[in-house]
Amino acid sequence: MAEITYLEAIREALFEEMERDANVFCLGEDIAAYGGAFKVTEGLSKRFGEQRVIDTPISEVGIVGAAAGAAHMGMRPVVEMQFIDFVANAYDMLTNYVATARYRADLPCPMVVRGPSGGYVRGGPFHSQNPEAGFIHTPGLKVAYPATAEDAKGLLKSAIRDDDCVLFFEHKYLYRRIKGTMPAGDHVVPLGKARVAREGRDLSIITYAATLWKALEAADELERADGLSAEVVDLRTLSPLDDDAIQATTKKTNRVLIVHEDTRTGGIAGEITARINETCFAWLDAPVLRVTAHDVPLPYAPQLEDFVLPQTNDIVTAARVLAAY
Amino acid sequence: MATKKKGDPTVDAAQATATSGNGKSNPELDRELLRSMLLQRRFEERCAEAYALGKIGGFCHLYIGQEAVSTGTLSILRPDDYVITTYRDHGQALARGMSPRNVMAELFGRVDGVVRGKGGSMHLFDRNVNFLGGHGIVGAHVPIGTGVGFAIKYRGGDQVCICFMGESVVNTGAFHEALNMAGLWKLPVVYVIENNRYGMGTALERASAVHDIYERGASYNMPRAQCDGQDVFAVRAATQEAVDRARRDQLPTLLEVRTYRFMGHSMSDAVSGTYRTKAELDENMKRDPIMLLRMHMQEHGELTDEEIQRIDADLKAVVQDAWDFADKSPEPPIEALYEDVYVDTTSDSTAEPLAAD
């Protein structure tokens with residue numbers, strides 16, 4: 001079977017899920033005639049028509065709210081944020097309204113809000129962010145952030161079928177750079193299950209999304225230059241977190257480095273560190289360390305952006321400190 | 001009152017000058033309307049008492065004075081239609097047929113409450129009567145109402161959604177986004193603005209550049225009307241036109257219903273003396289919607305004093321029964337805390353999505 005890109009994998013998931021279930025429909029800004037800012041939804045309206053692939057006004061509150069109303073009625077809307085940064089407009093709708101609907105009113109809200117996220121693309125402060133932490137913090141929402149093409153497809157299919165609202169972060173740097181071979185048949189990857197992307201003995205690197213690839217590069221470098229065997233864990237889903245996988249790798253290597261592209265303060269690395277402290281303290285041979293973006297807005301200038309975001313060398317350096325502790 | 005613009009077909013003539021009735025007498029219907037409105041009044045009088053006793057906590061917003069709006073609009077709907085509303089929701093919940101017992105239990109924070117004590121006064125909900133809830137954030141529910149209309153249309157149903165809001169909602173971004181989409185996509189939603197003239201303590205004229213706010217519908221190419229909200233017959237007539245338009249032509253309407261609240265914004269707000277004068281309140285209370293309906297019925301020989309007393313005693317007993325029921329209902333168990341956060345933590349009581357067909 002031919003390899004397809006991360007972006008094409010997402011598109012495949014949308015096609016297959018719309019084919020499978022007439023209650024699935026897509027709405028967003030410029031997703032139909034234009035095909036989406038990154039062409040993720042290209043061809044969708046041709047296949048399924050304007051009634052199911054809907055170009056909306058630039059109204060993030062209205063789009064997410066209307067999707068929630070339709071979801072209460074048993075439909076399964078998939079909302080595209082043109083850039084995930086713009087989801088901030090709908091923060092009220094998602095965290096106050098959607099997240100609590102089941103709890104306060106028995107109303108299921110099976111919907112997906114998906115969109116291009118992340119940096120390394122010179123996008124500047126409003127087209128590069130990773131705003132997942134605010135949603136992870138909100139009970140009632142689920143958050144997925146795939147790193148591989150296979151997971152992009154399989155997780156999105158799970159997200160669409162899930163009976164809760166899932167925020168689905170797609171890394172725009174990976175859209176056309178990463179390829180994968182899709183397993184045959186109905187390829188579904190369950191939410192809430194991490195994956196060991198590389199087995200190792202000496203230390204663990206826990207990460208997700210684009211920094212998975214940097215962590216894998218770093219692990220190769222550590223093996224080659226230092227003879228260190230690093231295990232790399234791809235979280236895949238950030239809410240719910242796979243505590244079993246986090247504990248298993250911690251107990252296996254006793255040294256943990258967490259890597260994410262989101263900013264440092266309030267990022268999910270802090271939460272994972274706390275959980276490891278609470279459950280695995282006796283297994284630790286070193287403090288849990290983290291490599292993250294600096295606590296600044298993301299600058300445009302290439303030299304500045306490269307400095308702010310985690311790079312392979314940053315991971316190698318931190319891993320050496322961890323191994324030597 | 002509204003002035004009809006010549007050559008503007010989207011402004012309909014439903015704006016009534018608020019004379020009661022249509023000349024024809026319908027004693028049975030009128031009695032139903034009276035019962036519905038009086039139930040809300042008696043229920044909320046006891047809510048005020050329960051709040052003073054500490055049985056109802058937090059924030060509690062009474063509807064007293066506006067009962068012709070809930071009863072007038074909802075008496076037009078079919079059982080399979082949908083209702084979504086704002087935080088001043090007790091009256092609409094009862095007018096839609098929710099059980100006074102379970103509503104009171106919710107206000108008391110008990111396990112037999114409509115959402116098992118997790119929502120409280122501002123978040124009443126009942127799928128059995130397609131009541132999609134009160135909502136505690138001004139304006140945030142309006143896009144949800146648009147989405148309900150979208151789902152109805154997507155599935156080819158002929159239901160209608162009534163989406164209530166206060167007049168201050170028209171200044172939120174959510175209102176603009178939601179109504180633009182409904183106008184654009186021609187959705188079967190009736191947006192009912194209950195204009196009681198104050199958003200908390202800020203008068204409409206101090207918050208909106210446009211004072212005849214139904215005119216905002218022009219921005220969305222939306223049929224629109226204005227009516228007297230103290231006259232239940234005027235509300236019914238205006239709603240009937242809007243609901244017909246939604247059901248028959250799948251077109252939305254923006255209906256401004258001019259009303260007045262006789263109580264403070266919430267239980268902690270003085271009834272008058274801060275942002276509105278006692279004289280203004282007294283003047284408006286002369287048009288108590290329940291009193292107006294009673295007068296109409298008496299003038300038409302539909303109701304005797306004796307009957308009124310009997311109905312009133314009956315409703316007071318219903319409310320007392322609701323109070324007793326709520327008082328006896330247990331507090332929610334701590335085990336319920338984590339139920340219904342996600343589908344996999346869902347209790348047995350959680351049902352399926354609302355049906356659109």
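Which residues are linked with A:Glu12 in a network of salt bridges? The close-ups below start with that group, and each comes from a predicted model.

**View 1. A network of salt bridges in chain A.** Joining A:Glu12 in this network are A:Glu16, A:Glu17, A:Arg20, A:Lys153, A:Lys157, A:Arg161 and A:Asp186. Side chains of opposite charge can pair when their charged atoms come close. Over all chains, the count of salt bridges comes to 53.

**View 2. A:Arg320 meets A:Asp226.** The side chains of these two residues form a salt bridge, with 2.9 Å from N to O. This pair links distant parts of the chain: A:Arg320 sits in helix α12 (residues 312-324) and A:Asp226 in helix α8 (residues 210-226), 94 residues apart. A:Arg320 is partly exposed, at 35% relative accessibility, and A:Asp226 is partly exposed as well, at 34%.

**View 3. A:Lys252 pairs with A:Glu231.** Here the closest N and O atoms of the salt bridge are 2.5 Å apart. Because A:Lys252 belongs to helix α9 (residues 243-253) and A:Glu231 to strand β11 (residues 230-234), the pair ties together parts of chain A that are 21 residues apart in sequence. A:Lys252 is partly exposed at 40% relative accessibility, whereas A:Glu231 is buried, with a relative accessible area of 3%.

**View 4. Over in chain B, B:Arg197 pairs with B:Glu280.** In this salt bridge, 3.7 Å separates the closest N and O atoms. B:Arg197 lies in the loop between β3 (189-195) and β4 (198-199), and B:Glu280 lies in helix α8 (residues 278-285), so the pair ties together parts 83 residues apart in sequence. B:Arg197 counts as partly exposed, at 33% relative accessibility.

Technical notes:
Residues are numbered from 1 along each chain as its sequence is written. Chains are lettered from A and ligands numbered from 1 in the order in which they are written. This is a predicted model: local features need pLDDT of at least 70, side-chain atom pairs count only at pLDDT 80 or more; totals for chains, interfaces and linings use all residues. Side-chain values use heavy atoms; hydrogens and water are left out. A salt bridge is a side-chain nitrogen of Lys or Arg within 4 Å of a carboxyl oxygen of Asp or Glu. Helices (H or I, at least four residues) and strands (E, at least two) are DSSP runs, numbered from the N terminus. Buried means under 20% relative accessible area, exposed over 50%, partly exposed in between (1.4 Å probe, protein chains only).
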